[in-house]
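Please open the structure in your viewer and keep the selection tool at hand.

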Amino acid sequence: MLVSITKANITLANYKMAEDQILTIGANGDRILVEYLSRSNGKPEVIIFQHTEDKILAWHNCQAAKSNYANACWHLAISDILYNSGPCQIDLIGEPDQFWATKDLTQEFMPRPGKFQTVELSIEGPDPIPTEIDIPEKHKSLRRFRLPKTLLDKVIAFRERQEQRLTGEQKLRIPQNVNYIPQNAEVTYAVSALLYDTWSPPLLMGPKGSGKSTLVEALAEILHLPICRISGGIDINADYLLGCKTLIPEETAPAKLIAKIGVNCAKVGEPLTVEELRQLSGGNATMRVAHEPGVLLEAITNGELILIDEINVLIPEVTSILHTLLDWQRTITVSGLGEVKAHPDFRLVAAMNVGYMGTRPLNNAFRDRFRGIQVQGVSRETLMELLQERVAEDTARKLADIYEALYESVYSPTGATLSENCISLRSLLRAAEEISMGIASQKEIIISCLTESLESASERTQVKDLIEMRL
Ligand SMILES: Nc1ncnc2c1ncn2[C@@H]1O[C@H](COP(=O)(O)OP(=O)(O)OP(=O)(O)O)[C@@H](O)[C@H]1O
Ligand SMILES: [Mg+2]
C-alpha cells in the first residue's frame with residue numbers, strides 16, 4: 001500500500017525526535033530499525049525501513065492503520081530523518097517482522113547511543129527472542145492489545161479450549177474486531193485477573209464514556225467467550241438472574257415457545273393459567289413443572305462471560321446471590337435446583353460509574369471479591385485516533401481541543417466552572433460522525449451535538465461560547 005507523507009508528518013517526526021521519543025536507530029543489512037515510544041501506552045514500538053533504488057519500503061503498524069493511513073503518521077515520516085526523503089510516498093509492506101539489529105546508528109542522528117528495548121543489538125545475528133512474531137496466525141489479532149508474552153501464552157491456551165468446546169451459536173455471540181485502544185495497563189490487568197488459577201472478576205471503575213463497556217467487549221474477544229450483558233437496576237431480581245419454575249408441556253410442540261410465554265408473563269406478574277397454556281398448545285398437552293434458567297444461570301452453566309454493568313445500582317438481595325459465586329467456591333444456590341457449580345470457563349466482569357445518582361457504595365465484603373481497575377478515559381492521542389477515523393486531521397485537532405477545554409472546565413483542580421453533564425466523548429464522536437456526513441457546517445454540528453442535550457440554559461451558553469472561541 002502506498003502512503004503519502006506530508007510536511008506536517010515530517011515536522012511532527014522531527015519534533016518527536018527532539019522530545020526523545022525515538023529510542024533507537026539500528027541497522028540490519030539494508031534495513032533500518034527504529035524503536036520509538038508509543039504515546040498511547042508508553043511502550044516501545046518498532047518501525048522498519050528499507051531504501052531500494054526507486055522507493056522506500058516500510059514495515060509498520062499503528063493506530064493510523066484504522067483510517068488506512070489516510071493522513072499518514074509521524075512514524076512513517078521518520079524516513080525523512082533517515083534518508084532526507086522529504087514529502088514522498090512510502091510502500092507499506094506489512095507489520096515489523098524482525099527485532100534485532102547488528103549495528104547501532106543512533107549516534108549518527110542523536111547525541112547519544114540507542115536505548116535498545118524491544119530491538120536487540122546482536123553483532124553475531126539473531127537470537128530467537130519471544131516477540132509478537134511468535135503469535136500463531138489465528139491469534140494475530142490479539143497483537144493490538146499489547147499483552148505481555150507470558151500472559152499471551154495463557155490467553156492462547158484458553159482461546160483454543162473455547163474454540164473446541166463452544167457451539168456455533170455461542171461463537172456467533174463472541175465480539176469481533178472491538179475497537180478498544182489500550183490506555184494504560186488496564187487490558188493486561190483485567191485479562192490476567194480473569195486467568196489467575198482461581199480467577200477474580202475485574203471491576204472496571206471510571207466516569208461515563210471512559211470505555212468500560214468497550215473494554216469488556218474487548219475482553220470477551222480476547223478470551224474468545226460469548227458475552228451476555230446485565231445492566232444493574234432495581235428491577236433486576238433473583239428470578240431474572242437465576243430463573244424460576246414454569247409449566248411446560250410434556251411433549252407437544254411448540255413447547256419452548258409456550259414456556260417462554262409463561263416466563264414472560266410471570267415476570268410482569270400475570271402468569272398464564274394452566275388452562276390458557278393448554279389452549280395455546282392445542283389443548284392436548286400434558287404439563288410439567290420445569291426450571292427456566294435466568295440469564296446469569298445460563299452464563300454460569302454454559303461457561304460464558306457475563307457483564308454486570310452499573311453493579312452499584314443492584315439491590316442488596318441480588319448482590320448477596322453473587323457472594324458465593326465470586327468466591328473460590330464458584331457456586332450459586334438456585335431455589336428448586338439447589339447448589340449449582342459454575343462451568344470452569346465461566347467469567348464475570350463488572351463495571352460502574354462512581355457516585356452517580358441512584359448508585360450505592362458497594363459493601364466491603366462484596367467489593368473485596370473483585371480486582372478493581374480504573375478506566376479513566378482516553379488520552380489525547382487516542383482521542384485523535386478515534387476522531388481521525390471519522391474526520392480529517394485538522395478537524396480532529398479542533399474537536400480534541402474543544403474536548404480538552406471542556407475537560408479543564410469540568411475537572412479543573414482549582415474549581416470547576418461546568419458540571420460533568422457538559423463533557424461527553426460520545427457527543428464528540430457523534431459530532432465527528434455528522435461532520436463526516438456533511439449535513440451542516442462544522443460549527444453548527446459541534447454546537448448542536450455538544451449543547452442540545454444539556455438541560456441548563458446557562459451551561460448551554462457557556463459550552464457554546466467555549467466552542468466558538470476555538471473555531
Ligand atoms: N480506549 C478506548 N478505545 C476506543 N474507543 C473508546 C475508548 N474509550 C472510549 N471509547 C469510545 O467512547 C465511547 C464510550 O465508550 P463506552 O460505552 O465503552 O464507555 P463507558 O465507560 O461504558 O460509559 P458509560 O459509563 O456511560 O456506560 C464509545 O464510542 C467507545 O468506542
Ligand atoms: Mg457502559
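The stops below concern confidence, a sheet, a helix and a pair of packed helices.

**Stop 1: confidence**

Begin by colouring the chain by pLDDT, since this is a predicted model. The mean pLDDT of the protein chain is 87, and 90% of its residues reach 70 or more. Select helix α7, residues 212-223, which has the highest mean pLDDT among the elements, 97. Then select helix α9, residues 255-268, where the mean is the lowest, 64. Next, select residues 126-132, over which pLDDT stays under 50. For this stretch the model has 10 contacts beyond four places in sequence. Where pLDDT is low, the predicted coordinates should not be read in detail.

**Stop 2: the sheet**

In what order do the strands of the open sheet lie? The 7 strands follow the order β1-β6-β5-β4-β3-β2-β8, and their pairing is mixed. The edge strands are β1 (2-4) and β8 (103-104), each of which pairs on one side only. Strands of a sheet pair through backbone hydrogen bonds, either parallel or antiparallel.

Now select strand β2, residues 22-28, together with β8: the two run antiparallel and are joined by 2 bridges. Within this pair, find A27, which stands opposite K103 in β8.

**Stop 3: helix α14**

Select residues 380-388, which form helix α14. How many of the 9 residues of α14 are buried? The helix is mostly covered, with 8 of them buried. Among these buried residues are E381, E385 and L386. The cover over the buried residues of α14 includes α15 and α16 (425-437).

Zoom in on T382, which lies in this helix, α14. Is T382 buried or exposed? T382 counts as buried because its relative accessible area is 1%, below the cut-off of 20%. Leaving aside neighbours within four places in sequence, T382 is in contact with S40, I181 and Q183.

**Stop 4: two packed helices**

Two packed helices are described by the angle between their axes and the distance between the axes.

On the α14 side, the residues are R380, L383, M384, L387 and Q388. They meet a set of residues in α15 that includes E393, A396, L399 and Y403.

How values were computed:
Residues are numbered from 1 along each chain as its sequence is written. Chains are lettered from A and ligands numbered from 1 in the order in which they are written. This is a predicted model: local features need pLDDT of at least 70, side-chain atom pairs count only at pLDDT 80 or more; totals for chains, interfaces and linings use all residues. Side-chain values use heavy atoms; hydrogens and water are left out. pLDDT is the predictor's confidence in each residue, from 0 to 100. Helices (H or I, at least four residues) and strands (E, at least two) are DSSP runs, numbered from the N terminus. Contact means heavy atoms within 4.5 Å. Buried means under 20% relative accessible area, exposed over 50%, partly exposed in between (1.4 Å probe, protein chains only). Two strands pair if DSSP finds at least two bridges between them.
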